Every structure is written in structure tokens, then in C-alpha cells.
Amino acid sequence: MPQQYLLLFTIGPVQSFIAQARKTSDLAAGSRILSDLIKTAIDAVGRENIVFPYAPQGNTEWKGIKSLPNRFVAMLSSDSDSNIEAIAQKAQKSVEDKWVDIARDSLKKEWKEIAQKALENWNEAAAAQVSQHLDINWVAIPCTDDYRADYAKLEQLMGAIKNSRTFSQFSYNGEIGEQGRKCSLDGERNALFYRPIEGRDPKDKKAPAYITSAAIEVGKGNNLDQGEALSAVSYVKRIYSNTNEKTFESTAEIALLDVLTKMNNNSNAKMCKIILLKANAQLFFEENALSKARREKILKNTEEEPSDDSVIERCYKNFWKAAKEEKHAELKYYAILTFDGDSMGKWLSGDTSLLPEKDVVGNPIDLQQFQKDFSRELSRFAKHASEMIDNEKEGKKEGEKWGKKEDEKEGKKEGEKWGRTVYAGGDDFLGFINLNYLFKALISLRKAYREMVSDKLKEKYGLSRELSFSAGICIAHYKEPLSIVLKTAHEAQEAAKNKYEKEEKDAFGLTVIKGSGEVEKTVWKNYQAAKFIEILRYFRGEEECDAHEDWSFSTKLVVNLQNEFVRLINRDGFFPQGCKHILEHEIKRITQRQYNSKSKNKDKEFKLRKVLEMSEHLIELYNQTHDGKMNNYFSALNILRFMYRQINEQVALYSDSAVMQ
């Protein structure tokens with residue numbers, strides 16, 4: 001009788017390959033390439049043998065899965081260890097071949113030019129960088145009657161393998177190692193592609209300093225900025241994003257996503273939008289569009305033939321004239337949102353503190369079946385999350401919206417687009433979110449995760465607690481280096497997990513990098529995002545404006561509160577015990593002073609009600625601080641104050657009960 005084996009297969013590097021990005025398209029391409037590679041490995045092993053992630057048998061559904069984790073577990077049957085080894089090696093070889101094919105297909109134009117120029121040493125250098133990039137590991141063990149123990153052993157062995165790092169030394173052109181200018185993206189490998197720096201005369205071109213003699217010059221159509229120099233691996237990502245995906249929005253476009261989406265109904269503004277986007281989205285901002293020097297600098301890096309200088313200025317003015325009539329502004333900040341499932345290792349290993357030994361009807365739980373069910377629900381959630389954020393449904397034509405019913409279910413207004421998904425692999429997510437919809441998106445994602453994953457598995461398996469995720473958010477200016485923003489978002493996520501490590505996590509960390517360089521950080525439970533929306537609404541006076549006076553609360557409320565209490569906070573950041581009633585009294589007093597109304601016929605009863613409600617929101621937020629530290633509380637209020645200044649007079653923040661629950 002054939003022996004059953006468990007195989008764990010992983011592909012790396014993950015974080016470095018994805019995070020090494022200067023453009024949003026680099027980020028998206030790195031993620032997509034890794035997903036394509038793991039798909040290749042899964043197909044080599046056989047989808048019918050996969051335990052997780054979810055690998056549907058139908059080719060249409062399989063083709064529609066765009067994001068996958070960088071690892072899989074398979075259950076294989078064989079008469080000998082050597083056959084299992086052959087299957088794993090076949091999967092590894094298929095991934096290595098696929099990666100080389102991706103690289104060659106992306107670089108085929110340059111490869112041909114190189115052959116024509118007889119630059120054989122360069123060809124050898126590029127091949128070495130590509131072939132030595134991947135870090136593939138696998139381990140297989142024979143199964144016993146105890147699947148939980150087998151799986152735990154499998155993970156333990158993989159951990160031991162990864163702790164024994166190996167590396168290959170670059171060796172070509174008769175030398176060991178690489179010398180010369182390094183890649184602008186990864187900073188590790190030699191730069192082998194570059195775009196020269198042009199003078200006033202296009203014929204006057206200068207190569208970047210210290211570039212290797214084997215590097216090849218590329219022109220405009222390859223999405224490189226002047227003076228940018230990339231390694232073969234980084235250049236594959238840059239070209240791959242051009243040839244295999246629709247254009248991924250830049251950070252400037254994400255910051256302006258709401259106005260760009262909603263101004264499609266204005267024909268004049270729409271025409272101006274097309275012209276500006278074709279040139280560069282940075283030309284939607286006054287400091288770029290109305291400065292001749294900046295316009296010229298930006299247009300030099302335009303992929304298409306640049307528009308006439310005067311046309312750009314006219315388009316900018318006409319677009320914003322129409323947009324500001326509809327209360328849109330030049331929003332220069334955007335957010336990166338990343339999350340992953342809490343305690344995923346414990347859930348998948350069948351930790352009895354989370355996954356009971358028996359299901360709801362008293363039958364012993366089959367861990368392997370639980371893993372399959374878990375991965376299937378995660379895959380469905382990932383697809384839903386991507387469609388919800390991008391507002392595009394699989395199977396519809398590009399650009400077609402979800403539809404009115406689907407928008408209403410997710411708390412959307414018609415025509416809203418919340419952001420752009422980079423990666424949605426199930427338990428983890430990475431995406432760009434427009435600032436107008438940041439908290440809406442977080443609340444909706446958490447709600448969907450609970451309903452589509454946690455509730456489904458709880459109903460069948462009687463889980464000991466809810467499945468949850470912890471998120472990291474970084475809000476930054478569109479000009480902030482992308483690698484820094486991404487790193488900060490991941491750090492915020494780690495801060496959320498660490499702060500609530502002894503609890504059920506289910507938290508988010510939020511960091512704002514302001515254009516001035518100032519940084520604000522705060523960490524809260526996920527459900528408190530609804531409280532953030534409520535406080536923002538009261539700063540803006542969004543509720544009952546038609547029935548009552550024009551009202552709002554000044555954000556000076558935050559400054560006054562902080563000034564009032566900063567001297568009472570001890571060295572550890574705590575407010576003195578027994579003095580909570582003072583805090584509550586002062587919040588009510590200062591809140592009343594910061595109530596604004598433009599109405600001549602002021603409704604005192606309405607004012608008292610709004611002051612009481614706002615005070616209760618602020619007091620409740622303080623009561624919900626995890627450790628009672630005032631710095632976390634005031635950081636949250638300062639971030640809300642900052643967001644108010646950015647999104648004031650734009651889209652309404654309130655949502656229906658479907659989102660706020």
C-alpha cells in the first residue's frame with residue numbers, strides 16, 4: 001500500500017522582492033510574479049494534491065486567482081521516498097524555468113539588442129542575477145496516524161532549513177562579485193539597465209556615474225526615469241508591470257482617486273483628466289502644473305510624447321475649476337493598508353486553545369479537512385476584498401462598476417472607488433487606499449472577514465474564538481519614498497500585534513508621515529475605527545445639516561485638550577488615578593467652547609445634544625485605550641485632526657448601518 005507524504009514548498013525572497021519598489025507598479029509586479037511562480041509549482045505537483053492554499057480544480061476559477069501565498073502544503077502518495085523527492089525537484093525546476101521565462105520575455109527586446117552588439121559579458125551578468133535570485137526550499141515527511149503531529153514536525157523542519165541560510169557568489173567576466181553602480185531599487189546588485197540624463201539638447205546624454213561598462217542604455221518606452229539604473233531582476237519587475245498588467249495607479253493617482261473617479265460625469269473635466277494622466281498625475285497639483293521648471297522636469301520622464309506646455313496649464317485650471325465646484329480638493333495624501341490573519345500558525349497547526357478537538361456535533365475534527373476549508377474560505381474572502389476595494393467585479397468589462405446593490409451592501413455610494421489592491425492572498429492583504437475611504441475600507445474588510453471566514457468556520461467547527469486580522473496603515477504624502485511608506489505600514493502592523501499579543505489581537509496600527517517630516521503613531525482595536533469615523537463626522541458636522549443649523553466642532557478642541565492635560569501626565573504617560581472625573585469634566589467644557597454654528601437662529605437644545613454626543617465619543621475613546629496611556633489617545637486625536645484638514649469639504653464620511661456595525 002502506498003505511503004502518504006506531506007510536502008511543504010516555499011518560494012522566496014518575499015518581503016525584499018516586493019518591498020524593493022520605487023513605483024507602485026514595481027510593488028504590484030513583484031507580488032504578481034511570486035503568485036505566478038507558486039501557481040506553477042502547484043500545477044507541477046497537481047492541484048488535486050494541495051491541502052492549502054485553495055487550488056480549485058476548475059481552470060476558469062484557478063485562472064481567476066491572482067494572488068497566492070508563497071508556500072503550499074500537499075498530500076502525496078508514493079511507494080518510495082525517491083518518487084516524492086522527484087516530484088519536489090520537478091516543482092522546483094518548473095519554478096526556476098518559469099522565472100527565467102518571465103525574465104527573458106520581459107527582456108527579449110534588450111536581449112536581442114545585446115546579441116547584436118556582441119555584449120556577451122553583459123548577457124552573462126544578467127543571466128547570473130536572474131538565476132541566483134530565487135530562494136526555494138521544500139521538505140517532505142512520511143505521514144503517521146497523527147496529522148497534527150506530522151504538520152507540526154513539517155513546519156519545524158522548514159524552520160530549521162530556513163535558519164541555515166545559503167547564498168551563491170556572483171562570478172562572471174573573470175571576476176568574483178560585482179563592482180560599480182548598484183541598482184536604484186534593490187541597492188544590492190549591479191545596475192545593468194539605465195536611462196541616461198538628458199541635457200537641454202536631447203542628443204546631449206550622460207550615463208549615471210560609476211555605471212558598469214556592460215550596462216545597456218534604454219529609452220523612454222521602458223518606464224525608467226532619467227538617471228535611474230536597475231539590475232536585471234528589478235528591470236524584469238518594471239517591464240513585467242508594463243506588459244502583463246493594466247497600468248497601476250501612481251501614488252499621486254491614489255491620493256486623487258476619488259475626484260478622478262467622480263469627475264468622469266463632467267465631459268470637459270474628463271477630457272482634461274485624460275490629457276493630464278497621459279502626461280503625469282503629478283500635474284494635477286498646483287506646485288507642479290503652474291511651475292514651468294517643474295512641468296518641464298516631469299514631462300521629460302513622460303513615456304508618451306509630452307503635451308504642449310500651455311495645454312498642461314490650461315487643463316489643470318479647467319479640471320480644478322469644475323472639480324472645486326463639486327467640493328473636491330487637491331488631496332496630496334494616501335494610505336497603504338496591510339493586514340494578515342492573527343495566530344495563523346496556531347490555527348493551521350490545530351492548536352487546541354483555538355481549534356477544539358471535536359466539532360459542533362461532537363465528531364473529532366479532521367485537521368487536514370479544516371485546513372482545506374479554511375483556505376477555501378480565505379480565497380473567497382480575498383477575491384471579495386479585492387473586488388470591493390477596486391470596485392471591479394471579476395468577469396465584468398474593465399472599468400465596469402460593481403452595481404448599485406453591491407455598493408449599498410458594502411456601505412458605498414454609487415461611483416465610489418476606495419483604492420487599488422496590490423495583493424489579496426486570503427489571510428493577508430496589501431493595498432493603496434484613498435484617504436476619504438480609509439476607515440470605511442478597514443471596517444468593511446473586517447466585517448467581510450468575520451462573515452465570510454470566521455462565522456463560516458465557527459458554524460461548522462465550533463471555534464473557541466473569532467478569527468481576526470491585524471492591520472498596519474501608513475498615511476503619507478504622494479512624494480514620500482514608497483519603500484519608506486511600505487516599511488512603516490508593516491511596522492504599524494507589528495506594533496498592533498505586539499500591543500495586543502496577550503489578547504485576541506484584532507487591532508490596527510496607524511502612522512502618519514507628514515510632509516514636514518513629523519510622524520504620529522497610534523494603535524487601537526479594529527472595532528474602534530467606527531469611533532474614529534464618528535469623531536471625524538462631528539468635526540465636519542455631517543449629520544442633520546438639512547433639518548438643523550450648520551454646525552461643526554473646531555479641531556482646536558484637540559490642541560486645547562492636549563495643552564490642558566499635558567502637565568498632569570506622569571513620566572510613564574498615564575493620567576493620575578482617581579482623577580478621571582476631572583478629565584471627563586474638562587472634555588465636556590472644552591468641547592462646548594469649540595462648537596461652531598453659522599446659523600443666525602441658533603438652536604440651544606440642538607447644541608447641547610451635539611456637545612454631549614461629541615463629549616461622549618471623546619470620553620469613550622479614552623476609556624477604550626488599551627493601557628490608559630494619554631500619548632496614544634492624543635496621537636489618535638492629532639491624526640484625526642490632520643485627516644480633517646486634508647479631507648475637509650470633500651466626500652461625506654458617514655456610512656449606513658451595513659458598514660458601521
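How many aromatic pairs does a search of the whole structure find? The search turns up 29 of them. Keep in mind, as you look around, that this is a predicted model.

Let us start with one of these pairs. The ring centres of Phe-339 and Phe-469 are 4.0 Å apart, and the ring planes meet at 20°. Planes under 30 degrees apart count as stacked, so this pair is a stacked one. Now find the two residues along the chain: Phe-339 belongs to strand 12 (residues 333-341), while Phe-469 belongs to strand 15 (residues 469-477). The pair therefore ties together parts that are 130 residues apart in sequence. Phe-339 is buried, with a relative accessible area of 1%, and Phe-469 is buried too, at 2%.

Next, turn to Phe-381 and Tyr-449, whose rings form an edge-to-face pair. Here the distance is 5.1 Å centre to centre, with 85° between the planes. Phe-381 sits in helix 15 (residues 367-390) and Tyr-449 in helix 17 (residues 438-461), so this pair ties together parts that are 68 residues apart in sequence. Both Phe-381 and Tyr-449 are buried. If you step back, you can see how these residues come together: ring pairs link Phe-339, Phe-381, Phe-429, Tyr-449 and Phe-469 into a cluster.

The charged end of Lys-237 sits over the ring of Phe-17, 4.9 Å from the ring centre.

Now for a glutamate. Is Glu-228 buried or exposed? Its relative accessibility is 2%, and because buried means under 20%, Glu-228 counts as buried. You will find Glu-228 in the loop between strand 10 (216-217) and strand 11 (229-230). The side chains of Glu-228 and Arg-22 are joined by a polar contact of 3.1 Å. Leaving aside neighbours within four places in sequence, the residues in contact with Glu-228 include Lys-23, Ser-184, Phe-193, Tyr-194 and Arg-238.

Our last stop is helix 18, which covers residues 482-499. This helix has 18 residues and reaches 26 Å from its first C-alpha to its last, close to the 26 Å expected at 1.5 Å a residue. Several of its residues are buried, among them Leu-482, Val-485, Leu-486, Ala-489 and Ala-492. The buried residues of helix 18 also include Thr-488, Gln-493, Lys-497 and Lys-499.

Note on methods:
Residues are numbered from 1 along each chain as its sequence is written. This is a predicted model: local features need pLDDT of at least 70, side-chain atom pairs count only at pLDDT 80 or more; totals for chains, interfaces and linings use all residues. Side-chain values use heavy atoms; hydrogens and water are left out. Helices (H or I, at least four residues) and strands (E, at least two) are DSSP runs, numbered from the N terminus. Buried means under 20% relative accessible area, exposed over 50%, partly exposed in between (1.4 Å probe, protein chains only). A polar contact is a pair of N or O atoms within 3.5 Å; within protein, one must be able to donate a hydrogen and the other to accept it, and residues adjacent in sequence count only if both atoms are side-chain atoms. Contact means heavy atoms within 4.5 Å. The expected span of a helix is 1.5 Å times one less than its number of residues. Rings of Phe, Tyr and Trp (its six-membered ring) pair if their centres lie within 6.5 Å; planes under 30 degrees apart count as stacked, over 60 as edge-to-face and the rest as tilted. A charge sits over a ring if NZ of Lys or CZ of Arg is within 6 Å of the ring centre and within 35 degrees of the ring normal.
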